[in-house]
Amino acid sequence: MTGRPVVRVLKAAALAAALISCSSHLSVQQCLSASEKSFVIGVGRDFYEGSDSRGYLHGSTGMWEALTYLDETMTPVPWLAESWESLDSNRRWVFRLSDKILFHDGSRLSAGDVVESMKRLMKNPRYDPAGSLSYVESVKTYGDRGVAFTLSKPLPHFPKLVAYYGSPVFKPECFDDMGRIKEPVATGPYSLKEVLQGSRLSLAAFNGHWNGVPPYEELVFMAIPDAQTRAMALISGQIGAVADVGGILPEQEKTLQRNPNVLLKKAEVATTHLLVFNCARPPFSSTETRRWVSGVIDREKFLDVFAKGAGVAAADPYTPMAKEYAFGLIRPSRHPMPSEIRNYKQKITIILHGATLQRWPYKDIAQALQALLQAHGLKVEIRIMEQGSFQDSIKAGRFDMAVQPYTLMTGDPDFFYSYWILSDAPRNCGWRNPDADRLINEARHEADGQRRKDLYRRLQEMLNQDLPLLPLYHDVALYAHRKEVRCFQMDHFFKPVLKVKDCE
């Protein structure tokens, strides 16, 4: 194996000391001129996910790879698997691996390695929170380079379920009997060198990568939670790029556009921002109340004032990049204020996850909602919480409204409906409808493309009727890099796209 990566916890290090590229005394341009040796990307969160996680590091780091990926139309495309086919009416799927893939330690990827990685996810449901592999009865090698999944029920969208976070592949020797990764040995273009938890990740180029030599000898991800600090680090040349969903706030756009050393760009990403109602208790247990609130919210105005050019008003509950299932039916209409909310005397609580406030204008949106409801005589408070308290409050139903992001990671509507709407969904917030459950379960296994599309249209019509949640806008992420950085892009899943050779 390669040398064991160093993982350290950096509790109170000064941010200035962490913002280092090749040298604390060199600019990005000086660093990159030395044969593209080092490149530093600033992000708004910690990309270290830990040993007890699916991928150890966030997928944007390029350390690990999966069987498939999704293109900008949410269609699965080859990654570790160069092809796949469905057998037995979508009850069996066979993925054929490329024979050019090496692990970071130089050993060749085998079908057995992929099987063990999939079994790791299946044996440990915490690594499969959306239940993407819950219908897999067995996974086995199939010939020399094949991996065969046998399902309990047909899943026509299975290649989407194993995309990206659905099938991270690691060398089996690197995880223990509980599925925890002792040290990550994977197949990506970069291998892990060092982790300063909460601050900095350093990765080394893997020159044996199947897609060629990576453009930088070292890739560094800096966790910079404060949005202003991220922008200033880019302007000053301490980092080469800011690239992540929510990495640059809309109000920073003009400042960065005016800077002669910075290129500001936009990318449509698969993230949608939702206003979630607690349908399990008053006042939002009332369909009429949810309809009224949804109708008085001017989403176009919210978008213009708060998100500016960094979003598109949402008429679908998930990204319209999934074009086949983007029906545009979520269009709340005006309704009279119902008596149950007009006479409501208790305080309405809007909760926010504190870590999101330096990545999206959630606080401004919540304050606008507060003012809107207070103008109608209601009492409203906003609570900003740390991650644990926020998640506990959602799970226990200790809130009335919440603003939060959602990314359609599989590109398929079932990923949304099974996560938010199904009665036993992980994020169901009190709206339960037997007819919706039946349609969700039917659509999941429907092989006929047109019928499946019709089922999801009916589900979206139900959402528009009852509005258990309100999609506010689809994210158009702002990202930026120094002008001397060549061919830098960010894709629809906010992964950096690094190119130096064959620049377009």
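This is a predicted model: local features need pLDDT of at least 70, side-chain atom pairs count only at pLDDT 80 or more; totals for chains, interfaces and linings use all residues.
Q: How many disulfides does the structure hold?
A: A disulfide is a pair of cysteine sulfur atoms within 2.5 Å. The structure holds 0 disulfides. For C279, the closest cysteine sulfur, in C429, is 7.3 Å away, which is too far for a bond.

Q: Is C279 buried or exposed?
A: Buried means under 20% relative accessible area, exposed over 50%, and partly exposed in between (1.4 Å probe, protein chains only). C279 has a relative accessible area of 7% and is therefore buried. C429 counts as buried because its relative accessibility is 11%.

Q: Where is Q370 placed, and what is Q370 in contact with?
A: Helices (H or I, at least four residues) and strands (E, at least two) are DSSP runs, numbered from the N terminus. Q370 lies in helix α10 (residues 362-374). Contact means heavy atoms within 4.5 Å. With neighbours within four places in sequence left aside, Q370 is in contact with I350, V380, E381 and I382.

Q: In which sense do strands β5 and β6 pair?
A: Two strands pair if DSSP finds at least two bridges between them. Strand β5 (residues 81-87) and strand β6 (residues 92-97) are antiparallel, with 6 bridges; L87 stands opposite R92 in β6.

Key
Residues are numbered from 1 along each chain as its sequence is written. Side-chain values use heavy atoms; hydrogens and water are left out.
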